[in-house]
Amino acid sequence: MTSSSVSDKNLVLVAGATGGVGQLTVAKLLSEGFQVRVLTRNASKAENMFAGKVEIAIGDIRDPETLSPAMSNLTHIICCSGTTAFPSAKWDFEGDPNFIESFFLFFDPEKAKAKAKNSPHKVDAVGVSNLVAAAPQNLQRFVFVSSCGVERKDQFPYKILNGFGVLDAKQQGEQTIINSGLPYTIIRPGRLIDGPYTSYDLNTLIRAKTGGKLGVVLGTGDKLTGQTSRIDVANACVESIKNSNSVNKTFEIVNKGARASELDWNQLFEEL
């Protein structure tokens, strides 16, 4: 049995639901008939975004004391949380540094990480660890959106991407999940493309799109490199919790080649 049926007893918590991948994941879950609860620091933003279609739990993965109320009756967790790889306003620096101070933070990674309340370490390492610790022990699946390159941090271009520790933090998050004993799926996309454009990067600047024309390639061992549609990452998150072939699997996902008229996720997972 590779696919599990969706029932009204499936309740999925989405962390990072107001981000680009998170928004698409929530939409996909709802279209598939799942009950959805979103974990957010900003209730009004979530209410405006999801228009009463989801439960809203106020919490912050960086603060473990806020997570317990969000965990009741969960069957799955999908963690799409993240921040920018390089210092930006999303890092939420203490003291609100001016332009000149912010500029110099680019040349002092350790100082930048120390002053940031929302650095990759605090989100993808500490935050994910907090979320794992709070998760119900009977959870059916913990899905984590990580990144290509976590095992190639000494190679170009990942060495540059990891200048402020984003891949280190993602890898720590992955290891915490694997060590937890919870059933998991870890998804490693390439550079994200397609909207919603919530990140600060080149693809956001140029509004890069795949046009839905590129195929989906999955791989293991952190060997793939390329770009990945946020739409396909969200679909992979949801399809993985419906498919037993993705249990306790870590895989990369990129867009390459011609796209089939309909993706066969079961086959893609079987090939893992």
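**Entry 1, the whole chain.** I began with the surface: the protein chain exposes about 12700 Å², and carbon and sulfur atoms supply 52% of it. I reminded myself that this is a predicted model. Next I looked up burial and found that 49% of the 272 residues count as buried. For secondary structure, I noted 10 helices and 10 strands in the protein chain. I also checked contacts between residues at least 6 apart in sequence, and 74% of them join residues at least 24 apart.

How many disulfides does the structure hold? I found zero. I then asked about burial: Cys79 counts as buried at 0% relative accessibility, and Cys148 counts as buried at 1%.

I found Arg37 in strand β2, which covers residues 35–40. Is Arg37 buried or exposed? I read a relative accessible area of 6%, so Arg37 is buried. What does its side chain reach at 2.7 Å? I traced it to the backbone oxygen of Ala70. A polar atom of the Arg37 side chain also lies 2.9 Å from the backbone oxygen of Ser72. Leaving out residues up to four places away in sequence, I listed the residues Arg37 touches, among them Leu11, Val12, Glu55, Met71 and Leu74. Ala70 and Ser72 are on that contact list too.

Methods:
Residues are numbered from 1 along each chain as its sequence is written. This is a predicted model: local features need pLDDT of at least 70, side-chain atom pairs count only at pLDDT 80 or more; totals for chains, interfaces and linings use all residues. Side-chain values use heavy atoms; hydrogens and water are left out. A disulfide is a pair of cysteine sulfur atoms within 2.5 Å. Buried means under 20% relative accessible area, exposed over 50%, partly exposed in between (1.4 Å probe, protein chains only). Helices (H or I, at least four residues) and strands (E, at least two) are DSSP runs, numbered from the N terminus. A polar contact is a pair of N or O atoms within 3.5 Å; within protein, one must be able to donate a hydrogen and the other to accept it, and residues adjacent in sequence count only if both atoms are side-chain atoms. Contact means heavy atoms within 4.5 Å. Accessible areas come from the Shrake-Rupley method with a 1.4 Å probe; for residues, only the protein chains shown count as cover.
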